[in-house]
Amino acid sequence: MIFKPAETDYALSPYTGLTRKSWTEAAKYLLRGVFGNIASSSAPIVLPRNETEVTYPHKYAEGNRLKIEKMAEIFEGLTRTMFIAAPLIHDDPDTEVCGYLLRDYYSKQILRSCTRGDENFVGYFEDLKELSGDKSENSFSIFQQTVETCALVICLDICREEIWERYTRAEKNIIANLLLSYAHESTVAQNWRFFNMLVMAFLHKEGYEIKKNVMAEHASAVLGYYAGDGWYRDGHSFDYYSCWAFNVYAPIWNKWYGYENLPYIAEKFERNSNELMKTYPDMFDRDGFAVMWGRSCVYRNAATSPFSENFLLNNPSADPGLARRIASGALLQFLSREDLLMNGIPSMGFYRQFTPLVQGYSCAESVYWLGKAFMCLDLPENHPFWTAKESNGSWENLSGGEIKETVLDAPALCFTNHCANGETVFRTGKVLKNTGDIHGMWNYSKLAYNSKFPWEASPAENVESMQYVLCGGEGCGVGGEPERCNVTFWCGSRGGVLYRRQFFGYSLNYETHHMQALNLADFPVKYGILRADKLRLFRTPVTVTLGAYGFPDNGDTEIITKREGKAEAIILKGYNGMNRPIQLAMTVYDGWDGLDIVKSVNTNPDSEKSLTVYAVTKRTEKYGYENFILISQVITKESHDDFTEEELFPIKKIQYGDPEEKGGYGPVRIILKWGEEKTVDFDGIEGEMRL
């Protein structure tokens, strides 16, 4: 059953109708799924799994490894569901769900999880180190429990009076001792440092002794990860971790510790959070939907959590009406779907169960990281986040076919808000993945990510949605295995055209000239993105394919083919998993041999069956001066109203800089039917590549 709030107010919230009471209802809705799967008040939150091949406890784990994973799962279930429960407990200590008094359940389970000898004990750092067989004195072992200690202290602070202050000093010491065992120990050199920082900050303000030099080292290192535009680099890539980790934890840390003890760093964290607020709202679409992008997509609407946490700062800059509108829109994006819950628990997917996005560091309870979105309930009823009238930011200033484009060079992000269809499209760069990491390529290497058409996994061996695939010989398996682009360099935007470089099978074992590549150039049009990419090959024969977004196929998809001169388009009309009308069209111009469609099962996060329109071309001559430029367009909308001929075939004329009109050198001038012109010129991007 989908979530339907009893409490709505469309005068205060004209876009969603949701109020603070609606959010409280949503919290209880999710917790009913949790506590409906708990056998008794003494049982930990270990939930039934819908996926067992990827998630932990891992299928083939045994002995001490299995014991460590089971302990971690207990802790994840406890702390992540408490993100949702803690504000309810603070608002009303007598809150019950499925007959469980939340305050009593969590207070008992927290104490048990920290008590050595209890069957629900999650282990001190030294216990896990011993179980793992790590006998080194200067250990760099890491454990999931470090993550969950951070979630625990955040939740304990939210319901401080209702749980933490009710413990005896001896009981507090039991909890503090477990926290201390992780606080100063090894962590991952990325967003994980904040886990240690927040645990230390909580303990410090509760009167426990911490190592301030360790705190300073972590804080300075985190500040050093800052790239600009409000974004932190978390490993090789940029993704939502910069938002739901760095820009959630930093304001909390500032409040607990930074402002008083490390004011310089705290001021920088505040500045960075406010810098994010300048552009972050435009990463959500007109409905407030989040884009499926980056790792840990099972966390879903946790992407909205930086908005509420910005208000913890001394000088917040977030727009409260816009912040709540986006948070509520993203909440409804998921809770309005029949296929979100399995046995009352959010599926291991983005919408329905979708194994291709699942990662091995997750367990069934990991999905409740989405509970971070509910931290907004820690803001009181009279806070502007709850009292301001909903606004829709940039969307209220767009009309007709207008597009707002935001280009952020620091995190290599370009996102466009398309008024015509209400969708938001990401184009990303600074991506580096191993050649065999197809999962990482799905998450990061797509040419575009769409708020209403989430990324599709491989529908065929030689086709990827929104990705190029290169095959040797006459096809895959004849002359070589399919190659995908595992590296995307960012080259910036000039004249309204975004430039990037992708390499097929990039490896440090070879010079870049000995790797097949593409120069990417694209720009937004009314309903999507138009591409004019350039092949950078040194070896032929090859077959090149490029897929459009995956398209849900629920048995009634209409397929239409149209032509205009040498251009060809395939249009799909159908319905998504919510039975809403959707439409997609892919058009190809120069450089392509034609279009085709591949059918697939269980590669689309929205629906079981899907279709992918794709373009295909071949290059056969060893050093032949064949077509270099590949011109294509993908446009989408949520209706069956026909695209106009101008929208399907937008190009009036293509002018090449070379007399052969192949695009091997010189600029390419694209003249659009409505009078707009774009010049694609790859000269100089070699010196602009950023990773």
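Axes here are lines fitted to C-alpha atoms, for helices over the stretch in contact, and the angle between two of them runs from 0 to 180 degrees between N-to-C directions. Keep in mind as you go that this is a predicted model.

With that in hand, let's start with a helix pair. Helix H1 (residues 20-35) packs on helix H2 (residues 63-91) at an angle of about 130°, and their axes lie 10 Å apart. That makes H1 oblique to H2, because an angle has to be over 145 degrees to count as roughly antiparallel, and 65 to 115 to count as roughly perpendicular. The crossing of the two helices is left-handed. So who does the touching? On the H1 side, the contact is made by Arg20, Thr24, Ala27, Lys28, Leu30, Leu31 and Val34. H2 answers with Thr81, Ile84, Ala85, Leu88 and Asp91. Sort the residues of this H1–H2 contact by class and you get seven nonpolar, two polar and three charged.

H2 and helix H5 (144-158) each supply at least two residues of the lining, and H2 gives the most, with five. By class, the lining of the largest pocket splits into 13 nonpolar, six polar and four charged residues.

The structure holds nine cavities of 30 Å³ or more. The largest cavity has a volume of about 70 Å³. Around it you'll find Ala448, Met466, Ile529, Arg531, Leu546, Gly547, Tyr549, Met586, Ser632 and Val634. Which elements give two or more residues to this lining? They are strand E16 (528-536), strand E17 (542-547) and strand E24 (629-637). The lining of the largest cavity has seven nonpolar residues, two polar and one charged.

The second largest cavity has a volume of about 60 Å³. Pro48, Arg49, Asn50, Glu51 and Thr55 are among the residues that line the second largest cavity. Also in that lining are Ile345, Pro346, Ser347, Met348, Ala364 and Val367. Here the classes come out as six nonpolar, three polar and two charged residues.

Note on methods:
Residues numbered from 1 in each chain as written. Predicted model: local features only at pLDDT ≥ 70, side-chain atom pairs only at ≥ 80, totals over all residues. Heavy atoms only, no water. 1 Å grid on protein atoms, 1.4 Å probe; cavity = no way out; pocket = protein on both sides within 12 Å on 5 of 7 lines; lining within 4 Å. Points joined across faces, edges and corners; volume = space filled by probe spheres on them. Helix = DSSP H or I, 4+ residues; strand = E, 2+ residues; numbered from the N terminus. Nonpolar A, V, L, I, M, F, W, Y, C, P; charged D, E, K, R; others polar. Parallel < 35°, antiparallel > 145°, perpendicular 65-115°, else oblique. Left-handed = near helix turned anticlockwise from the far one by under 90°. Contact = heavy atoms within 4.5 Å.
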